[in-house]
Amino acid sequence: MCPCQSHKNFEECCGVYINGSQWPSTAEALMRSRYSAFTLGDISYIKKNVGGEAAREFNEAEARKWSK
């Protein structure tokens, strides 16, 4: 099951965004995929789709540590 609690298989839900085969079509899908990536420790996915001031202040090492 997908960590975003959609009650769908991960591969059919956030997995398609995290593996790069699709881009989330809504803000909700993007946030769900970020949450799933975080729970799986895939900080590189989160870093790839953060923009603006949040991107400048993003600390990958701290985020990775916190996700564990």
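This is a predicted model: local features need pLDDT of at least 70, side-chain atom pairs count only at pLDDT 80 or more; totals for chains, interfaces and linings use all residues.
**View 1**
Although Tyr35 and Pro3 are 32 residues apart along the chain, their C-alpha atoms are separated by 7.6 Å. Tyr35 counts as partly exposed, because its relative accessibility is 44%.

**View 1. Helix α2 and its buried face.**
Helix α2 runs through residues 27-39, and its 13 residues reach 18 Å from the first C-alpha to the last, which is close to the 18 Å expected at 1.5 Å a residue. Within α2, the residues Ala29, Leu30, Ser33, Ser36 and Ala37 are buried. Seen down the axis of the helix, these buried residues fall within an arc of 125°, so they line one face of α2. The buried residues of α2 pack against α1 and α3, whereas the face turned away from the buried side carries the exposed residues Ala27 and Glu28. After α2 comes Gly41, a residue with a positive phi near 75°.

**View 2. Ser33, a buried serine in α2.**
Ser33 is found in helix α2, and with a relative accessible area of 0% it is buried. The side chain of Ser33 makes a polar contact with the side chain of Tyr45, at 2.7 Å. Leaving aside neighbours within four places in sequence, Ser33 is in contact with Cys14, Tyr17, Ile18, Pro24 and Tyr45.

A polar atom of the Ser36 side chain lies 3.3 Å from the backbone nitrogen of Cys4.

**View 3. The largest nonpolar core and Cys14.**
In soluble globular proteins, nonpolar side chains tend to be buried together. Here the largest nonpolar core has 14 residues, and those with the most contacts inside it are Cys14 and Tyr45. Helices α1, α2 and α3 (43-48) each supply at least two residues of this core. Cys14, with its neighbours within four places in sequence left aside, is in contact with Cys2, Cys4, Arg32, Ser33 and Ser36.

**View 4. The salt bridge between Glu28 and Arg32.**
Side chains of opposite charge can pair when their charged atoms come close. The structure holds one salt bridge, formed by Glu28 with Arg32, and the closest N and O atoms of this pair are 3.0 Å apart. Because Glu28 and Arg32 are four residues apart in helix α2, they are separated by about one helical turn. Arg32 counts as partly exposed, with a relative accessibility of 29%, while Glu28 is among the exposed residues on the face of α2 turned away from its buried side.

**View 5. Gln5 and His7, two residues with positive phi.**
Most residues other than glycine have a negative phi. Gln5 is not a glycine, yet it has a positive phi of about 65°, and the phi of His7, likewise a residue other than glycine, is positive and near 70°. Gln5 lies in the segment before α1, and His7 is found in the segment before α1 as well. Both count as exposed, since Gln5 has a relative accessible area of 58% and His7 has a relative accessibility of 68%.

**View 6. Met1 in the segment before α1.**
Met1 has its place in the segment before α1, a helix that covers residues 15-18. At 66% relative accessibility, Met1 counts as exposed. Not counting residues up to four places away in sequence, Met1 touches His7, Lys8, Asn9 and Phe10. Met1 and Lys47 are 46 residues apart in sequence, and in space they are 24 Å apart from C-alpha to C-alpha.

Technical notes: Residues are numbered from 1 along each chain as its sequence is written. Side-chain values use heavy atoms; hydrogens and water are left out. Buried means under 20% relative accessible area, exposed over 50%, partly exposed in between (1.4 Å probe, protein chains only). Contact means heavy atoms within 4.5 Å. A polar contact is a pair of N or O atoms within 3.5 Å; within protein, one must be able to donate a hydrogen and the other to accept it, and residues adjacent in sequence count only if both atoms are side-chain atoms. A nonpolar core is a set of buried Ala, Val, Leu, Ile, Met, Phe, Trp, Tyr and Cys residues joined through side-chain atoms within 4.5 Å. A salt bridge is a side-chain nitrogen of Lys or Arg within 4 Å of a carboxyl oxygen of Asp or Glu. The expected span of a helix is 1.5 Å times one less than its number of residues. The arc is that of the directions from the helix axis to the C-beta atoms.
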